[in-house]
Amino acid sequence: MERLQKVIARSGIASRRKAEELILNGKVKVDGKVILELGTKVNENSKVEVNGVLISKEDKVYYLLNKPRGVITSTKDEHNRKTVVDLIEEDKRIYPVGRLDYDTTGIILLTNDGELSNLLMHPKNEIDKVYIAKIKGIILPKDLMQLKNGVVIDGRKTKKARIKLKKIDKINNTSIVELTIHEGRNHQVKKMFESIGYEVLKLKREKIAFLDLSGLKSGEYRKLNPKEVKKLYA
């Protein structure tokens, strides 16, 4: 027996949190009966409907993509721009875990596993995300310390980060900085640098948790192996 919201999340229809909202709003039926209790458990033979649609126990798939510049982190785009989903040959409905800006490159995960997606994005789980930023100007030690201790963006202070100065180019007046955060706020890295007076010229995400881009060129992807998936859940 499993909790109903977990079964819904596993189907890929929604994250566990969204599944709980659907249950509370009377959008879920089990064996023809509307369920409103979050603690409800179902077995493998139970017929679960969400918004009138019978869910199937779809096999889970997990992809790691090296996102190129100029690709939208979405399942579709109203302006018909290329999306991360377009880059992956997969018949199952998959979606990106979190977001990368249109002009930001690097690692992103795609899956149909709503439960894992929710775990990776929830702030309380503090999943490390490592970015390499090329910024305009020679960054000062005091500014690096500010980034490390947290800066205020959108009226709220960021959590502590790990900072490493990788390179300074005095001729071109640029700096390259490695920044490790575990939040996922909108345009966070760019806004962090902007808050202390630096413009981000290029941004790449190099790692999520223990996963990196080893062996993947821009636009290439691979499936995660079962050991990696298990480690992410852990």
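Colleague: Which residue does K166 form a salt bridge with?
Modeller: Its partner is E178, and the closest N and O atoms of the two are 3.8 Å apart. K166 sits in strand β13 and E178 in strand β14 (residues 174-181), so the pair ties together parts that are 12 residues apart in sequence. A salt bridge here means a side-chain nitrogen of Lys or Arg within 4 Å of a carboxyl oxygen of Asp or Glu. Strands (E, at least two residues) and helices (H or I, at least four) are DSSP runs, numbered from the N terminus.

Colleague: Thanks! Before I go on, what kind of model is this?
Modeller: It is a predicted model, where local features need pLDDT of at least 70 and side-chain atom pairs count only at pLDDT 80 or more, while totals for chains, interfaces and linings use all residues. Residues are numbered from 1 along each chain as its sequence is written, and side-chain values use heavy atoms, with hydrogens and water left out.

Colleague: Back to that pair, then. Is E178 buried or exposed?
Modeller: E178 is buried, with a relative accessible area of 16%. K166 is partly exposed, at 47%. The cut-offs are under 20% relative accessible area for buried, over 50% for exposed and in between for partly exposed (1.4 Å probe, protein chains only).

Colleague: And how do β13 and β14 run?
Modeller: They run antiparallel, joined by 7 bridges. For two strands to count as paired, DSSP has to find at least two bridges between them. Within this pairing, L165 stands opposite V177 in β14. The hairpin has 4 residues between the strands, and N173 takes a positive phi there, near 55 degrees.

Colleague: How many salt bridges does the structure hold?
Modeller: There are 11. One of them joins the side chains of D128 and R162, at 2.9 Å from N to O. That pair links distant parts of the chain, 34 residues apart: D128 is in the loop between α3 (114-121) and β10 (129-136), and R162 is in strand β13 (residues 162-169). D128 counts as partly exposed, at 24% relative accessibility.

Colleague: What does R185 pair with?
Modeller: The side chain of R185 meets that of E183 in a salt bridge, 3.6 Å from N to O. R185 is buried at 15% relative accessible area, and E183 counts as buried too, at 10%. Elsewhere, salt bridges that share partners join D101, D103 and K190 into one network.

Colleague: What lies 3.1 Å from the backbone nitrogen of R185?
Modeller: That is a polar atom of the side chain of Q188. Q188 is placed in helix α5 (residues 188-195) and is buried, with a relative accessible area of 3%. Leaving aside residues up to four places away in sequence, Q188 touches I153, T158, I181 and E183. Contact means heavy atoms within 4.5 Å.

Colleague: New topic: which residues have the most contacts inside the largest nonpolar core?
Modeller: Those are L110, I135, I139 and F193, in a core of 30 residues. Elements that each supply at least two residues of this core include β7 (62-67), β9 (105-111), α4 (141-149), α5 and β15 (200-208). A second, separate core of 15 residues includes Y62, L109, L213 and L216. A nonpolar core is a set of buried Ala, Val, Leu, Ile, Met, Phe, Trp, Tyr and Cys residues joined through side-chain atoms within 4.5 Å.

Colleague: What does F193 touch?
Modeller: Not counting residues up to four places away in sequence, its contacts include A133, I135, I139, L147 and V177.

Colleague: Which residues are buried in α4?
Modeller: D143, L144 and L147 are buried there. Seen down the helix axis, the buried residues of α4 fall within an arc of 105 degrees, so they line one face. The arc is that of the directions from the helix axis to the C-beta atoms. Their cover includes β13, β14 and α5. On the face turned away from the buried side, α4 carries the exposed residues P141 and K142. After α4 comes G150, whose phi is positive, near 110 degrees.

Colleague: Last one: what is the strand order in the open sheet of 4 strands?
Modeller: The order is β3-β2-β5-β6, with antiparallel pairing. At the edges are β3 (33-34) and β6 (53-54), each of which pairs on one side only. Strands β2 (residues 28-30) and β5 (residues 48-50) pair over 3 bridges, and V30 has V48 in β5 as its bridge partner.

How values were computed. A polar contact is a pair of N or O atoms within 3.5 Å; within protein, one must be able to donate a hydrogen and the other to accept it, and residues adjacent in sequence count only if both atoms are side-chain atoms.
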